[in-house]
Amino acid sequence: MDKNIRLLLVDDDEEMRNIYAEILAESNFTVRQAGNGLEALEEIDKETPDLIFTGIIMPKMDGFTLVEALRKNVVTSHIPIVFLSHLGRKEDEDRAKELGVNDFIVRDTTSPREVVVRLKAQLSATHYILALDSKSYDGQKFARDMGINSDFICTSGEGERYVLRLKQTNPQEKRFDAELICT
């Protein structure tokens, strides 16, 4: 991997950030750091990263709020985001998935080497987000089978729409993992 892969590392634990920054730099990432979600947004305004590796619990702006802000912005909505959790709570992992976080790593159960492998995997993964249309082919049937509004409007009431997110799992066989998400 070339050194031009820009990673933004976000966490309020400076010691942990420095350890991961060193490991990632040795693995050919160009690493910038931020101490919370607000600082991350400022860094992203300066230079858009290729990948974001962020903690969840932080002052000023937590990881969830950061992801929500990034997914609402057309410039940053495509950036792969990986959470680093020190708690590993199931409810955090579920919420991360709902928000479109690409991977969820539990710090104390994942070696730094595995973290590097999983981050690099995000860069090589092919993702697609497809709009759903109630008037196309099986649009109405799909909405009915999924138990959602036939206009694909999310239940949040904020005008968001359901989309289909595809992640290529096997390029040779053209296989994908699919997920219905609100965006």
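A: Helix α5 comprises 13 residues, 112-124, and spans 19 Å from its first C-alpha to its last, close to the 18 Å expected at 1.5 Å a residue (the expected span is 1.5 Å times one less than the number of residues; helices are DSSP runs of H or I with at least four residues, strands are runs of E with at least two, and both are numbered from the N terminus). Its buried residues are V115, V116, L119 and Q122 (buried means under 20% relative accessible area, exposed over 50%, and partly exposed in between, with a 1.4 Å probe and protein chains only). Viewed down the axis of α5, these buried residues fall within an arc of 120°, so they line one face of the helix (the arc is taken from the directions between the helix axis and the C-beta atoms). The face turned away from this buried side carries the exposed residues R113, V117 and S124.

The model is a predicted one, in which local features need pLDDT of at least 70 and side-chain atom pairs count only at pLDDT 80 or more, while totals for chains, interfaces and linings use all residues. Residues are numbered from 1 along each chain as its sequence is written, and side-chain values use heavy atoms, with hydrogens and water left out.

Turning to the strands, an open sheet of five has the order β2-β1-β3-β4-β5, with parallel pairing (two strands pair if DSSP finds at least two bridges between them). Its edges are β2 (29-34) and β5, each with a single partner strand, so one side of each is left without a neighbour in the sheet. On average, neighbouring strands are turned by 20° against each other, direction ignored (axes are lines fitted to C-alpha atoms). Strand β1 (residues 5-10) is mostly covered, with five of its six residues buried. Six bridges join β1 to β2 in parallel, and four join β1 to β3, also in parallel. V10 has A34 as its bridge partner in β2 and T54 as its partner in β3.

Four aromatic pairs occur in the structure (rings of Phe, Tyr and Trp, the last by its six-membered ring, pair if their centres lie within 6.5 Å; planes under 30 degrees apart count as stacked, over 60 as edge-to-face and the rest as tilted). The ring centres of Y20 and F53 are 5.6 Å apart with the planes at 85°, so this pair is edge-to-face. Y20 belongs to helix α1 (residues 14-26) and F53 to strand β3 (residues 51-55), so the pair ties together parts that are 33 residues apart in sequence. Both Y20 and F53 are buried. F83 and F104 likewise form an edge-to-face pair, with 6.5 Å centre to centre and 70° between the planes. F83 lies in strand β4 (residues 81-85) and F104 in strand β5 (residues 103-106), so this pair ties together parts that are 21 residues apart in sequence. F83 is buried at a relative accessible area of 0%, and F104 is buried at 9%. Together with F64, the residues F83 and F104 form one aromatic cluster. The charged end of R95 sits over the ring of F64, 4.3 Å from its centre (this requires NZ of Lys or CZ of Arg within 6 Å of the ring centre and within 35 degrees of the ring normal).

Finally, H127 is found in strand β6 (residues 127-131). H127 is partly exposed, with a relative accessible area of 29%. Its C-alpha atom is separated by 6.4 Å from that of Q168, 41 residues apart along the chain.

Key: Axes fitted to C-alpha atoms, helices over the stretch in contact; angles between N-to-C directions.
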